[in-house]
Amino acid sequence: MVLAVPALSADVEEKSKSDAFVDLDGDGFDDATADDNDNGIPDKFEAAQKSAEPAVSGSLGDIFNQGELAAFSAEDILSKYAGFCKRQFRTRDLAIHRGGFNSGEGFGPGNGIGIGAVSAGCVGPGCQGP
Amino acid sequence: MKHRGTLLAFILLTSCSAFAAGVNVEFTAGVGATNNLVNDSSNIYDAYSSASVNLKAYPLSGLEISVRGDNTYYRETIGLSSLLGGLKLTYIPIRAKSPLSVFLSAGASGRLYHNEFSGFDNNIAEAAGSIGYRFSPGVSARCGVSFKSTVYVKSDIDYKRDFDFFAGVNATVLGGNSFDLEAGLAKTDFTHKDNVYFVDSIPPGWDFPWPYRMWLLEFVGQSENDLTLFYCSPRYSRSVGFKTGISLMYTVQNFQNYHDEIVYGFSTQYLSPWASVWEGQNVTVNLKSYLVPQCIVSAGAGYWDKTYLKTMETRHLFYFQAKEESARRDWQTRIYMGIQWPLALHSGLLLEPNATVEYMKNISNKPLYNFSNFAVNAGVRFRL
């Protein structure tokens, strides 16, 4: 019964038949959802918020887009970064697997800190290597 | 740690230079506290702070070179404080729109602890390769291999080498229901304590006096075996409402060729690589939500039933004492909740404060491992 109620999902409503819902990373959201600024929040969820109030960057004054720092060609760096991220996103089900001798490390907030890091045999933040 | 200020200044200077040279820079810093640092009945409280810098360069399309430095400092158990340095190469040769995807990576890292834990100083080398194919918009399959070698440079544990193979399929059915099934084999070399040569030479039924057993102990040697683990893990995920996603995952994993061999313990050496090696099953449910404006809220709960390798602890004076004891078995419950607040600036820079709380309750057939643990963390990530 639960499976047969796709109408609950906004993602599904927005999809055409040729553009299926795909969730390779298992977070319950469609992987095709755009996130152009790569902040982890899909653009469609930010759009409503942005139209209702000033952008976050505005409230901070975009302090890093002024003066000498801007001369570092941040856009160029970020375009290379963004290009790699798109490829990396497509392979997120290839980069990790969820069993084996290090299983259990993936549970939790996923930043390598806290209890999970300790129980996995290495203590504290940054145990996962580079 | 006396030169922390100098180190911080050096990292900042290096990072600014790297940014100017066209390298992506990411900083993270955090503080945390736990009421059970080593996850046993000792209930050792500690607080820690951490800082890391990650420099990433993209010399070719699809290639990322990452250099990382990491410093962790514990307030009470200072010996656990450590420094990590590492290099990693990731190559993804095929464009995202292709139905075929290939992932290749290789890396090396080294971690240094303070003097009292320097036996756990280690160097890690790892490599992985995997391939995936999208048969249709809603159906894809994948497989891959990975290798990880951990060398304990000052310890008699010496090394641990893991090989993994996995394969999986992902399919979407009935609109927005995603099913994922993954299975794999993992193999590791392991050195275990062994007196098999002497036991074999003793006639069955003979009961030797203690002094002879003690003499035997002197000749307990070490042998090397392969340990194989098979796992299978189905997962179901879907959206619930407009801004919330949920996933339910079950994993079962079993040793294939384990015959009660004894490895070094981890009650006092919890940094041991064997702390994460177990057979059993677990089920987890995870939730992710964008309901809080501009924030990512995640939460999860999980239950584990784990049986570990037999271990020789410091309380065991003799080898046979460890041999006669049953293996450690744990029934563990964990819950966590976290919130991230990513602030994307117009120039593409990202500032992300985050905080998490976690709770773990562990019940074990060994009284030493009956414990609970509550931990809080707060940090910030900054990407230039």
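This is a predicted model: local features need pLDDT of at least 70, side-chain atom pairs count only at pLDDT 80 or more; totals for chains, interfaces and linings use all residues.

Reader: Okay, take B:Glu182. Which residue does B:Glu182 form a salt bridge with?

Author: B:Arg142. The closest N and O atoms are 3.0 Å apart. The pair links distant parts of chain B. B:Glu182 sits in strand S9, residues 177-194. B:Arg142 is in strand S7, residues 139-152. They are 40 residues apart.

Reader: Are B:Glu182 and B:Arg142 buried or exposed?

Author: Both B:Glu182 and B:Arg142 are buried.

Reader: And B:Asp226? What is the distance to B:Lys187 there?

Author: The closest N and O atoms of that salt bridge are 3.6 Å apart. B:Asp226 lies in strand S10, residues 221-239 of chain B, and B:Lys187 in strand S9, so the pair ties together parts that are 39 residues apart in sequence.

Reader: What about B:Arg68 and B:Asp70?

Author: Their side chains meet in a salt bridge, 2.9 Å from N to O. B:Arg68 is buried, and B:Asp70 is buried as well.

Reader: New topic: backbone. What is the phi of B:Asn39?

Author: Positive, about 55 degrees, although B:Asn39 is not a glycine. B:Asn39 is in the loop between strand S1 (24-34) and strand S2 (46-57) of chain B.

Reader: Why does B:Asn39 count as buried?

Author: Because its relative accessibility is 8%, and the cut-off for buried is under 20%.

Reader: And B:Asn43, where does that lie?

Author: B:Asn43 lies in the loop between S1 and S2 of chain B. B:Asn43 has a positive phi of about 50 degrees, and is not a glycine either. At 46% relative accessibility, B:Asn43 counts as partly exposed.

Reader: Last one, chain A. Where is A:Lys86 found?

Author: In helix H5, residues 74-90 of chain A. A:Lys86 is at 59% relative accessibility, so it counts as exposed.

Reader: How far is A:Lys86 from A:Asp36?

Author: Their C-alpha atoms are separated by 9.9 Å. Along the chain, A:Lys86 and A:Asp36 are 50 residues apart.

Key:
Residues are numbered from 1 along each chain as its sequence is written. Chains are lettered from A and ligands numbered from 1 in the order in which they are written. Side-chain values use heavy atoms; hydrogens and water are left out. Helices (H or I, at least four residues) and strands (E, at least two) are DSSP runs, numbered from the N terminus. Buried means under 20% relative accessible area, exposed over 50%, partly exposed in between (1.4 Å probe, protein chains only). A salt bridge is a side-chain nitrogen of Lys or Arg within 4 Å of a carboxyl oxygen of Asp or Glu.
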